[in-house]
Amino acid sequence: MTYTGDRPGRPRRLLLERDAELAAVDVLLTDLSGSSTGSAAPGTGGLLTFAGPAGLGKTTLLTEVRRKAVARGCTVLSARGGEQEQGVAFHVVRQLVQPVLAAATEKEHRKILGSWYEIVAPAVGLVAGNSNGSPDPQGVRDGLDWIATRFAVQQAPLVVMVDDAHWADAESLAWLTGFAPRVSELPLLLVVAYRSDELPADAVAFGRLAERHGSRPFDLVPFTPGAVSRVVRDTLGEEADEGFCREAWAVTGGNPFETVELTARVADRGLKPQVVHVPELRELASAVKGGGLIERLERLGTSAVRFAWSAAVLGAEASRSLAASVGGLGDAESADAVTRLREARIFADPAPDAPDDDRLEFFHPLVATAVYRAIPAAFRVAMHGQAAAVVSSAGLGATAAARHLLEVHPESDPWAVRQFREAAREYLRAGAPEAARRCLARALREPPALEERADVLFELGCSALLTEPATTVNHLRAALDEPVLDPALREAIVYRLAQALGHSDRMAEAAETVAEAARGATNARTRLRMQAEQFMWNAFRADEQDSPARSRKLARLAEHLNSRGTAERYILGLRAWDAMVRGEPAATALHYAEEALGEGLKWTDEQWGFEVPVLVALTFMYCDQPGRAEELFNRGIAECETKGWRGAHLSFGYTLLGYIRYRRGCLDEAESLVRGGLRIADRVGHQVPAQYFAIGILIEILLSRGRTQDAQELATMYSYGDVVPSAVVYPDSQTVYSELLLALGMHREAEHQLARVGLRLEPRGMRNPAWCPWQLHLAQALKADDPERALEYASEGVRRARRFGTQSAIGQALRAMASVARGAERVTLLAEAVEHLERSPSGYDLACALVDHGSALRQVGLPQDAAEQLHRGLEGAVQCGADALAARAREELDAAGLWPVQLRAVATDSLTAQERTVAEWAARGWSNARIAEALGAQDPVVTRMLSDIYRKVGSDHEGLTRLIGRQDGARPTPGD
């Protein structure tokens with residue numbers, strides 16, 4: 001139920017002692033609508049908040065805001081929180097949006113909501129096709145942001161008002177809190193009123209909205225004696241004497257609502273406003289609120305009392321017909337009750353322009369609260385039970401019924417359990433898992449029938465997976481202990497339980513859970529799936545005791561798979577990843593990655609998870625086919641966005657896509673993507689895996705760009721390096737931190753950290769320097785104090801890189817070895833590093849090797865040869881966005897007495913016509929000499945052209961055949 005003591009169409013009430021508030025309204029409306037009439041320029045939005053205890057006139061102020069906004073030609077949308085509706089997800093949002101959608105068809109709804117339709121339609125009260133998907137809460141909030149932004153632009157200037165925000169549901173409040181800071185960028189004025197002393201404990205951020213927006217809320221204060229005297233004389237006549245007016249102020253405390261109500265009661269009684277009638281005034285004051293108001297209600301008769309109680313229980317759903325059904329009253333009785341309640345100023349009169357329906361409103365929220373709390377407890381519970389049946393029969397849906405059933409005592413009612421479960425499904429579809437959890441927890445207490453209990457426990461566990469994974473574990477373990485359990489349900493429970501344990505940083509328990517299920521499985525498909533899950537969770541464990549044994553078992557299983565179902569392909573994907581991490585030949589890893597892909601692996605399959613598809617895509621990146629990895633990530637990100645998964649999944653997507661771009665040498669774009677991923681990760685939580693991934697990758701990018709101080713500040717901000725994650729993170733966080741220490745000149749500290757990395761990874765068989773080059777960095781840390789050991793570590797890194805076999809891994813390792821070598825050997829190693837990196841897609845690493853090689857050539861007295869390499873290195877550094885490397889190349893050229901030549905402008909990754917022709921020849925197996933002959937060019941020209949091709953298409957020579965025909969698609973841009 002809504003409450004309107006003041007509404008459009010009713011006589012305006014004089015606003016006293018609110019000059020500052022009204023002046024602020026006028027200023028903001030002027031900014032919003034433009035200073036000159038007919039101005040085409042969009043106005044400036046803003047935020048205005050009114051706070052204060054009940055009865056101080058917040059609603060009256062909002063009514064005046066509406067009147068002023070309409071007079072200026074603004075579009076106005078409004079909503080109000082409800083004391084009885086605080087647990088109804090998106091109750092406030094729906095009030096704002098539904099007037100826009102009310103008269104539209106589904107086709108028009110889809111046009112209004114655009115690509116966000118499937119994600120936000122359930123949240124705003126629409127049915128989104130037959131989708132059973134569950135968007136995450138952040139995805140829904142992002143969709144609501146888009147809708148509000150679009151509507152603000154289309155309907156500008158727009159005023160959005162939310163009254164009684166302290167009673168807003170948590171989901172609407174979370175959206176409002178996140179969206180409010182953006183209103184200054186839009187032609188939208190957001191006006192919010194709330195009781196600051198009644199804000200929920202979890203609404204601290206909302207309470208600080210005004211401060212975050214650069215202003216302060218208007219804290220309303222009671223009337224002064226002068227203002228109360230003005231109200232009394234306006235209502236009762238100018239002859240009201242001063243003593244009477246002062247007593248009116250004393251008994252009301254200057255509360256505007258109580259003052260107006262008291263003067264109305266005095267007028268109804270026919271008392272003269274004189275001091276002699278002060279005793280009667282005090283008596284009437286006690287009837288305005290609390291017990292006095294209830295006595296006034298009881299004097300109206302039993303039917304009126306029951307009807308008022310029914311309306312209070314129904315809340316926002318209250319209508320004459322529904323209240324009559326709840327109270328057991330006939331048409332004549334209910335009509336009479338409505339009349340008497342309106343005359344007694346318990347119900348508000350309908351607005352003159354109100355639609356012809358039987359909606360009911362209390363005169364003021366204080367009245368509604370007093371009436372509801374006056375209902376005897378046992379009777380109130382019974383009325384909620386009756387209301388649940390009434391609203392269900394009226395077709396208001398399971399969520400409406402569940403709101404009332406939550407107030408009813410458990411009675412082992414199967415119908416109640418069904419309503420709770422259906423309401424939970426609706427809330428999950430709307431992106432409100434906490435509301436779903438409340439319904440399912442209550443369904444469990446009903447309790448459900450024995451054969452239904454496991455299902456309820458499973459649904460309850462799933463609803464809390466994102467918000468309370470530890471609680472989920474308890475529910476799912478209880479579900480597994482149920483005596484009646486369908487095999488398919490058991491498999492689903494085990495899968496979710498392992499997920500919950502993994503998300504709770506309990507990888508070992510996750511692995512053991514699925515291992516136990518695999519041992520006890522009687523179905524071959526179930527056993528295989530559980531084995532796949534076991535391999536995956538063990539792969540993510542940083543404390544796995546016998547990784548080599550797991551790798552051997554995984555290799556044997558993958559070798560003997562004779563079909564390609566989902567479980568088989570996940571095992572093949574894990575085998576591909578394991579082969580890559582262990583440093584087996586890249587061809588082996590690529591073989592299994594291709595087998596795993598088949599027709600594609602979905603990121604948003606809720607029955608399997610997105611971890612293995614991500615690992616498969618990254619296998620291509622590490623195996624010198626980042627273009628293929630990008631293609632898979634673009635698809636996966638699009639899947640997540642379409643389904644409304646805009647939390648950790650999308651954070652990983654943007655972050656790791658940025659990592660791929662970084663390894664291709666596109667540092668500026670990589671930084672933008674990773675920062676977008678980190679922003680999303682920050683919204684997900686603190687010290688979550690998504691944060692570790694994003695911070696580590698961003699530090700590597702910043703170091704590559706020469707921004708060591710920025711990298712250090714980032715590490716300090718997130719306490720990066722203080723704690724080693726319990727899960728496997730890539731790039732390895734301890735190794736990245738060591739890179740930062742090296743950049744800061746802290747070689748001894750870096751040596752200590754990298755030695756610990758070796759002790760951690762070596763026993764696990766994780767020996768691929770392309771995945772974790774800890775030995776190469778340790779060589780850097782040791783070269784000043786122990787050059788022999790440094791060379792040993794670098795040599796071993798080269799040996800392992802050659803075993804893995806990718807051009808980029810070999811080139812990076814040779815460059816690292818060259819940094820600890822001397823004289824002619826250093827020049828030779830760098831020349832070989834350049835040769836390998838020219839055949840890789842790693843643009844930044846090639847630029848580094850070229851500059852190093854040019855510097856080494858200059859130092860041994862070969863300035864002309866140095867110039868060629870330094871010019872190429874400078875060009876590559878500029879194209880990559882590696883500012884520090886470019887500066888170093890210019891310094892080397894200057895030291896050699898050379899001037900940089902005009903750099904080639906390469907603005908895109910698209911192949912030129914000549915490059916495409918050369919790429920096609922190379923893909924057919926033509927040698928460089930044959931291509932040079934066909935072009936009439938020298939071999940070095942062809943080598944350089946092929947190097948550009950490998951970088952642009954994102955592949956080495958082996959992957960060129962597949963990628964050459966693919967047109968580059970648009971890449972996503974990280975969300976705010």
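Predicted model: local features only at pLDDT ≥ 70, side-chain atom pairs only at ≥ 80, totals over all residues.

Visitor: Let us start with the core. Which residues of the largest nonpolar core touch the most other members?

Guide: A core is a set of buried nonpolar residues joined through side-chain atoms within 4.5 Å. Here the largest one holds 271 residues. F206, F307, I699, Y730 and W771 touch the most other members. Helix α35, residues 689-704, gives this core its largest share, 11 residues.

Visitor: Which residues does I699 contact, beyond its neighbours within four places in sequence?

Guide: I699 is in contact with A711, L714, A715, Y720, V736 and L740. There is also a second, separate core. That one has 22 residues, including L15, L28, L32 and V191.

Visitor: Which helices supply at least two residues each to the lining of the largest cavity?

Guide: They are α43 (843-859), α44 (863-880) and α48 (939-953). Of these, α44 gives the most, with five residues.

Visitor: How do the lining residues of the largest cavity divide by class?

Guide: Five are nonpolar, six are polar and six are charged. Now look at the second largest cavity, at about 110 Å³. Its lining has nine nonpolar residues, one polar and three charged. That makes 13 lining residues, and A727, V728, V729, D732 and R760 lie nearest the centre.

Visitor: Next, strands. Is β4 buried or exposed?

Guide: Check each residue against the cut-off: buried means under 20% relative accessible area. Seven of the seven residues of β4, residues 188-194, are buried, so the strand is largely enclosed by the rest of the structure. Then check the two faces. L188, L190, V192 and Y194 are buried on one side. L189, V191 and A193 are buried on the other.

Visitor: Which strands pair with β4?

Guide: Look for bridges. Strand β1, residues 46-51, runs parallel to β4 and is joined to it by six bridges. Within that pairing, T49 stands opposite V192. Strand β3, residues 158-163, also pairs with β4 in the parallel sense, over five bridges. There, V159 has L189 as its bridge partner.

Visitor: Can we read a helix the same way? Which residues of α39 are buried?

Guide: Apply the same cut-off. The buried residues are W774, Q775, L776, H777, L778, A779, Q780, A781 and L782. That is nine of the nine residues of α39, residues 774-782, so this helix is largely enclosed by the rest of the structure. Then ask what packs against it. The buried residues of α39 pack against α37 (733-743), α38 (747-761), α40 (787-804) and α41 (807-819).

Visitor: What about single residues? Is Q534 buried or exposed?

Guide: Q534 is buried, because its relative accessible area is 19% and the limit is under 20%. This residue sits in helix α27, residues 524-540. Beyond residues up to four places away in sequence, Q534 touches A511, V514 and A515. Compare A205, in helix α8, residues 204-207. A205 is partly exposed, with a relative accessible area of 39%.

Visitor: Last, the backbone. Where are cis peptide bonds found?

Guide: Read omega, the peptide torsion. A cis bond joins A156 and P157, with omega about -5°. P157 lies in the loop between α6 (137-154) and β3. The bond from Y730 to P731 is also cis, with omega near 0°. P731 is in the loop between α36 (708-717) and α37.

Visitor: Which residues other than glycine have a positive phi?

Guide: D164 is one of them, with phi near 50°. Its place is the loop between β3 and α7 (170-179). D164 is buried, at 3% relative accessible area. D624 is another, with phi about 65°. D624 lies in the loop between α31 (611-622) and α32 (626-643). At 2% relative accessibility, D624 is buried.

Methods
Residues numbered from 1 in each chain as written. Heavy atoms only, no water. Buried < 20%, exposed > 50% of the residue type's maximum accessible area, 1.4 Å probe, protein only. Helix = DSSP H or I, 4+ residues; strand = E, 2+ residues; numbered from the N terminus. Contact = heavy atoms within 4.5 Å. Nonpolar A, V, L, I, M, F, W, Y, C, P; charged D, E, K, R; others polar. 1 Å grid on protein atoms, 1.4 Å probe; cavity = no way out; pocket = protein on both sides within 12 Å on 5 of 7 lines; lining within 4 Å. Points joined across faces, edges and corners; volume = space filled by probe spheres on them. Pairing = 2+ DSSP bridges.
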